[in-house]
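Me: I have a protein model open and I would like to learn how to read it. Could you take me through some features, one at a time?

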Amino acid sequence: MTIINRSDMEASLEGWKLEDENGRSQTLSGSLSAGELRTIALDAATGGPQLANRGGDIILRNADGAVADRVGYGKSETANDGWTTIF
């Protein structure tokens, strides 16, 4: 998963989480400079979020637990295992 800081200021990711619709989550850390992109590998091996083959949602929660962003995807976006999925 790739996230971007679209603001003109550095943004802290401390305590932010990526979560799937089944509540599996992965805590983020560090910060993003203004305009910076970061690719984050989903860590399903340790109980982190997963992209379901049938489609679903991936949720980005801020440090307070509020939804900062949510992306829905369909079965066609997950058809090719190991490929990059663009939302």
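Reply: We will go through strands, a sheet, a core and a few single residues. This is a predicted model, in which local features need pLDDT of at least 70 and side-chain atom pairs count only at pLDDT 80 or more, while totals for chains, interfaces and linings use all residues. Residues are numbered from 1 along each chain as its sequence is written, and side-chain values use heavy atoms, with hydrogens and water left out.

Me: Which strands make up the open sheet, and in what order?

Reply: Helices (H or I, at least four residues) and strands (E, at least two) are DSSP runs, numbered from the N terminus. Two strands pair if DSSP finds at least two bridges between them. Here, four strands form an open sheet in the order S4-S3-S7-S8, with antiparallel pairing. S4 and S8 (67–74) are its edge strands, each pairing on one side only. On average, neighbouring strands of this sheet are turned by 15 degrees against each other, direction ignored; the axes are lines fitted to C-alpha atoms, for helices over the stretch in contact, and angles run from 0 to 180 degrees between N-to-C directions.

Me: How many bridges join S3 to S4?

Reply: Three bridges link S3 (residues 17–20) with S4 (residues 25–27), and the two run antiparallel. They form a hairpin with four residues between them, and Gly23 in the turn has a positive phi of about 85 degrees. S3 also pairs with S7 (residues 55–61), again in the antiparallel sense, over four bridges.

Me: Is Glu19 buried or exposed?

Reply: Buried means under 20% relative accessible area, exposed over 50%, and partly exposed in between (1.4 Å probe, protein chains only). Glu19 has a relative accessible area of 14%, so this residue is buried. Glu19 sits in strand S3, opposite Ser25 in S4 and opposite Ile59 in S7.

Me: What does the side chain of Glu19 make a polar contact with?

Reply: A polar contact is a pair of N or O atoms within 3.5 Å; within protein, one must be able to donate a hydrogen and the other to accept it, and residues adjacent in sequence count only if both atoms are side-chain atoms. The side chains of Glu19 and Arg61 are joined by one of 3.2 Å.

Me: Which residues form the largest nonpolar core?

Reply: In soluble globular proteins, nonpolar side chains tend to be buried together. A nonpolar core is a set of buried Ala, Val, Leu, Ile, Met, Phe, Trp, Tyr and Cys residues joined through side-chain atoms within 4.5 Å. The largest one here has nine residues: Ile3, Leu13, Leu18, Leu28, Leu32, Ile40, Ile58, Leu60 and Tyr73. Leu18 stands opposite Leu60 in S7.

Me: Where does Asn5 lie?

Reply: Look in the loop between strand S1 (2–4) and strand S2 (11–12). With 7% relative accessibility, Asn5 counts as buried. Its side chain makes a polar contact of 2.7 Å with the side chain of Ser7, and a polar atom of the Asn5 side chain lies 3.1 Å from the backbone oxygen of Leu32.
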